[in-house]
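Visitor: Please show me the structure, and then take me through a few points in it.

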Amino acid sequence: MAGMASNEPPIRLTFQGVNELWDALSSMALARFVSGEEAFAETFKVTGVARAADLVPIDSVRWQVTEDYADRVLARGPGWSVCVQRWRNGTAEVAVTAVGAEELAKAVCDVRARSPLVEPKPETVEIEFWYGTPSCLKQVKRRVDVPAWESIAPNYPSTVRDRLGALMELSSPGAGGRLLLWHGPPGTGKTTAIRALVRAWAGWCRGLFVVDAERFLGEAGYMMSVLLEAADPGDDDDPSPRWRLLVFEDADELLRADAKRESGQSLSRLLSLSDGFIGQGLNVLVLLTTNEPIGRLHPAVARPGRCLADVEFRSLSREEATALIGADTAGELTLAEVFERRGELTRVGARADDPPIGQYL
């Protein structure tokens with residue numbers, strides 16, 4: 001009865017951390033859907049969101065939780081509820097529930113109308129970066145801008161373009177070798193081609209970039225940890241595991257003719273990983289880039305049957321460079337030098353009489 005003292009203790013909610021607040025808010029957001037009160041639901045994502053509360057009417061917010069890396073709101077109106085969780089990168093996950101299909105459609109349209117307009121971004125692909133610390137193995141996933149092969153193919157000499165084009169079209173490695181060897185002077189476009197290859201193969205192959213190649217190949221435990229922890233068991237729709245492309249850039253020390261003497265067992269492990277006993281059953285491809293000429297590489301690396309692709313990146317001929325620049329170059333140029341001549345690359349403090357140098361492409 002109103003005005004009478006109650007013998008029951010007041011209800012107190014105690015949260016041990018922000019995760020429990022998230023869980024509590026999620027439970028409240030789902031309550032009306034689970035009970036059947038709001039049995040119609042739709043979920044979607046929105047990008048470029050500054051605050052979760054920006055996606056709903058300000059007077060409809062009932063609960064809000066804010067953390068450094070994310071914030072979440074639960075908003076309710078007549079016949080609808082909206083739960084928004086926004087992450088630090090601006091991506092928001094939205095769940096809308098309503099009493100009927102018409103109310104749901106109206107609530108969803110209202111959220112989308114409040115969503116920011118985001119300019120299209122270049123295509124990105126998730127790449128895993130692996131490296132070791134004194135105490136543990138680290139993995140960082142990053143989305144990297146990747147060009148379509150068709151958009152960059154005209155920048156390569158015809159012989160390089162033909163070899164790379166055939167490689168981009170692969171849908172599986174087949175029964176040949178599992179080593180991809182890309183060699184040539186700096187600035188000839190090897191790194192850019194790697195990004196295009198990762199995009200072209202994204203449907204059947206994951207890109208793994210090994211930051212500390214010497215340690216990876218020098219320590220058997222470290223190497224096997226990466227190979228086993230990064231294994232892809234497949235999913236319900238496609239139970240066959242995806243392939244993995246292990247990328248080692250600037251692997252000059254591992255590939256020279258004296259690599260066995262200088263790097264111990266690193267070269268042996270590398271070759272065994274590509275087509276030896278270690279690589280059996282792991283669905284692993286190995287991509288190596290080097291600035292060394294093919295004649296200086298260890299003969300075991302480029303032997304017939306070992307390489308899925310042996311691509312020599314070279315400078316553009318005078319005619320090819322002239323066609324890209326639109327003016328006579330009077331000689332061969334690397335791709336980086338072409339971009340610099342076109343004004344797409346600049347060097348701070350460069351003088352007109354400085355000799356051109358290759359860029360990291």
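Guide: Strand β10 (residues 243-248) pairs with strand β11 (residues 284-290) in the parallel sense, over five bridges. Strands are DSSP runs of E with at least two residues, helices are runs of H or I with at least four, and both are numbered from the N terminus; two strands pair if DSSP finds at least two bridges between them. This is a predicted model, where local features need pLDDT of at least 70, side-chain atom pairs count only at pLDDT 80 or more, and totals for chains, interfaces and linings use all residues. Residues are numbered from 1 along each chain as its sequence is written, and side-chain values use heavy atoms, with hydrogens and water left out.

Visitor: Which residue is the bridge partner of Val247 in β11?

Guide: β10 and β11 are joined by five bridges. The partner of Val247 in β11 is Leu287.

Visitor: Which are the edge strands of the open sheet?

Guide: The sheet has seven strands with mixed pairing, in the order β7-β6-β9-β10-β11-β8-β12. Two of them pair on one side only, and these edge strands are β7 (137-145) and β12 (307-312).

Visitor: Is Cys205 buried or exposed?

Guide: Buried means under 20% relative accessible area, exposed over 50%, and partly exposed in between (1.4 Å probe, protein chains only). Cys109, at 53%, is exposed. Cys205 has 5% relative accessibility, so Cys205 counts as buried.

Visitor: How many disulfides does the structure hold?

Guide: A disulfide is counted where a pair of cysteine sulfur atoms lies within 2.5 Å. The number of disulfides in the structure is zero.
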